[in-house]
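The entries follow the order in which I looked things up.

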Amino acid sequence: MSNKNARKSNDKLKETGKQQEKRRIRLSDQYLFNMSHTPGIEESTHWFQMAVAAFFTAVIVMITRMASYERPMSQFYWNNSSDQLTDFFSYYKMVAILVCALLALTILVYRAMTQSFYIKRSYAYVPMAAYSLFVIMSYIFSDYKEFSLFGWNDRFEGTLPLLAYMTMLFFIINCVNSEKNVRWIVSPLAVTSAILGLLGLSQGLGHDFFRTEIGKKLITPSWFWDKLDTLNFIFKNNEIYQTVYNINYVSFYLTLLIPLFGLLFIRSVMLGKAEPVWKKILWAALFTLLIFNLIGSASSGGLMGMGIAALVAILVLNRRILDWWKPVVILLVLLIIIGGVSFERWMPELSSAIKGSINTQTTQINQAPGVAHKVDFMETKGNDIIIGYEANTIIFTINPVNTSAIAVHDSEGNSLKLLPAEAPFYKIDDERFEGLKAKLIYDEDENSYLVIDTNGKEWTFRITRDGPRYLNGLRNIVELKKVPAVGWEDNQAFGSGRGYIWSRTIPMMKETILLGHGADTFCAFFPHYDYVGKWNSVSFSNNLNVVIDKPHNMYFGIIIGTGAMSLIALLVLWGVYLFQSLVLYRRIEYSGFLPFAGAGIFIGISGFLAAAFVNDSSVSVMPMFYGLLGTGIAINMILANLNNNAAQ
């Protein structure tokens, strides 16, 4: 070799060495913290660690098992169940969430002990830490610590599960380092989605697997098998509830998956002969199955979420959709076919949702004969029963010594006479209160009751030493208060009663700006004594004792449970991810698995967060959400690193 060639060879080696050193420095800059034996940030994480992440993201949603537990419910006047309770869909999901978080922490401790612990640089940790702090502080100051710690009945999304979400989010962000790791999340998701989709198909076709003897035994302990006939399914025939308890949650979590698997189908088709035909068929079949379950669940919230996801997809993918026209057309054809076959399932729900959003309360009253909206409010204060009636106020004052001596007057103190009506009722001698009657009755124990009739609806008040108290349908006496309400005055039936629930929830938020009442304690603080409001709502007029245990809005639930500041922390976490993803996936070249998977996750999360305006957080759907969010954040980091390498 000549000296000239030798010098050139040495120069190349020096350049390569410099490039390697630059790359090493660049990779080390991606660590926020790392120990001496930290693996390269691009090295795939061990399968055991990924198994924990995969189980959290993909498997927990499937857990369905009978659990018996005890809660101090007798303290609540509105409680319509005993202290001994049974759950099928949430309790063991909560247990699995906590176990996953514990395993993740154990793995992180092991990494620290072996000097292989590291933390990637990410914006996410600050809002995650802030959110966790507000969750903990809300628990510390909660009046219902037992409920706040593990969560409300049938929900079990208390302080510990919320902190477990953050633990798993941190763990997944720092575990997913490569395409192999991403497939460890996506592949189990595809398998469990197929299983749940087939389960939903059986339910939608009227052959619910859980109603079979095998299905019943699968979800109950062996000691219960001789009582299988006593299982009472609250779901109607052909309702698709899968393993998530509420038909709304089916469409809620499917907004996460359908965009992901749709994009993976597009990738499979665009690979042409490089991808086996059977894989293309499987992706198409999975997409079709999930679409059927989404539509079959008959949830307008899920349809809304998918609509937002579709808009985001058009915004992000833009002209690429034209390049992918063949697989896109196939997906649209499959969508049209499933939509046509299941027309009778989704059309009534969609029509009802549209009408509910534009109809006035007057129209709805006409659709519900017998519901009279003349009573504005009822309040018990001292010896008075105060009633708002067609914008006027009437007050019944009970003499605590002589309960039969009842004085009636208006808000200005004018005395009103009682005249005999249909026995044993008396009517009010004032045209402002026409249609309002009252009677005094006694029970076998000589307790006194004042019954007030408002256009055919009777309200019974027991006269106690502390004054009159309303006697609810559970035979419990209740002090009535005037309930603050904001919005939906003319359409409280909006969204299957969401208008009523939201109008009462918003005023509750003034107490939870900094800290909430405690995670998942919404039910304990909702004004269940608002019987007049329920009567006027139309949606709940036939069941005044209905228990409102959730706000049907994930964001409202967060504010009430852990405070408005905790919601701001989450909005920063989600918002930065969405913005980074929007910028990244509009510009990136879709030439490998990761861009398609990352874009699918981003679009799905966008739809999910939109659907969250009419759906609640739950242990059935949030593990999948946070698992995919962590995966999405990690994919963005991998792709950004690849782009930086290409730019060098």
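**Entry 1: Thr288**

I began with Thr288, which lies in helix 10. Helices here are DSSP runs of H or I with at least four residues, strands are runs of E with at least two, and both are numbered from the N terminus. Before going on, I noted that this is a predicted model, in which local features need pLDDT of at least 70, side-chain atom pairs count only at pLDDT 80 or more, and totals for chains, interfaces and linings use all residues. Residues are numbered from 1 along each chain as its sequence is written, and side-chain values use heavy atoms, with hydrogens and water left out.

Is Thr288 buried or exposed? I found a relative accessible area of 19%, so Thr288 is buried. The cut-offs are under 20% for buried and over 50% for exposed, with partly exposed in between (1.4 Å probe, protein chains only). Setting aside neighbours within four places in sequence, I listed Leu334 and Ile338 as the contacts of Thr288; contact means heavy atoms within 4.5 Å.

**Entry 2: the whole protein**

I counted 22 helices and 15 strands. Of the 648 residues, 53% are buried. Among contacts between residues at least 6 apart in sequence, 70% join residues at least 24 apart.

I looked up the pairing of strand 6 next; two strands pair if DSSP finds at least two bridges between them. Strand 5 (residues 375-381) runs antiparallel to strand 6 over 6 bridges, and Glu379 has Ile386 as its bridge partner. The hairpin of these two strands has 2 residues between them, and Gly382 there takes a positive phi near 65°.

Strand 6 is also joined to strand 7 (residues 392-398) by 6 bridges, again antiparallel. Gly388 stands opposite Thr393 in strand 7. In this second hairpin, with 2 residues between the strands, Glu390 has a positive phi near 50°.

Why is strand 6 largely enclosed by the rest of the structure? Because 5 of its 6 residues (384-389) are buried.

I traced an open sheet of 7 strands in the order 9-10-11-12-13-14-15, with antiparallel pairing. Strand 9 (418-420) and strand 15 (477-478) are its edges, each pairing on one side only. Strand 14 (residues 467-471) meets strand 15 over 2 bridges, and Leu471 is the bridge partner of Ile477.

**Entry 3: the second largest pocket**

I used a 1 Å grid over the protein atoms alone: a cavity is a set of points where a 1.4 Å probe fits but cannot get out, a pocket is an open set with protein on both sides within 12 Å along at least five of seven lines, and lining residues have an atom within 4 Å of a point. Points are joined across faces, edges and corners, and a volume is the space filled by probe spheres set on them.

The second largest pocket has a volume of about 740 Å³. Its lining holds 28 residues, with Phe287, Met306, Ala310, Leu332 and Leu335 nearest the centre. Helix 11 gives the most to this lining, 8 residues. By class I noted 24 nonpolar, 4 polar and no charged; Ala, Val, Leu, Ile, Met, Phe, Trp, Tyr, Cys and Pro count as nonpolar, Asp, Glu, Lys and Arg as charged, and the others, Gly among them, as polar.

**Entry 4: the largest cavity**

I found 4 cavities of 30 Å³ or more. The largest cavity holds about 270 Å³, and helix 19 supplies the largest share of its lining, 5 residues.
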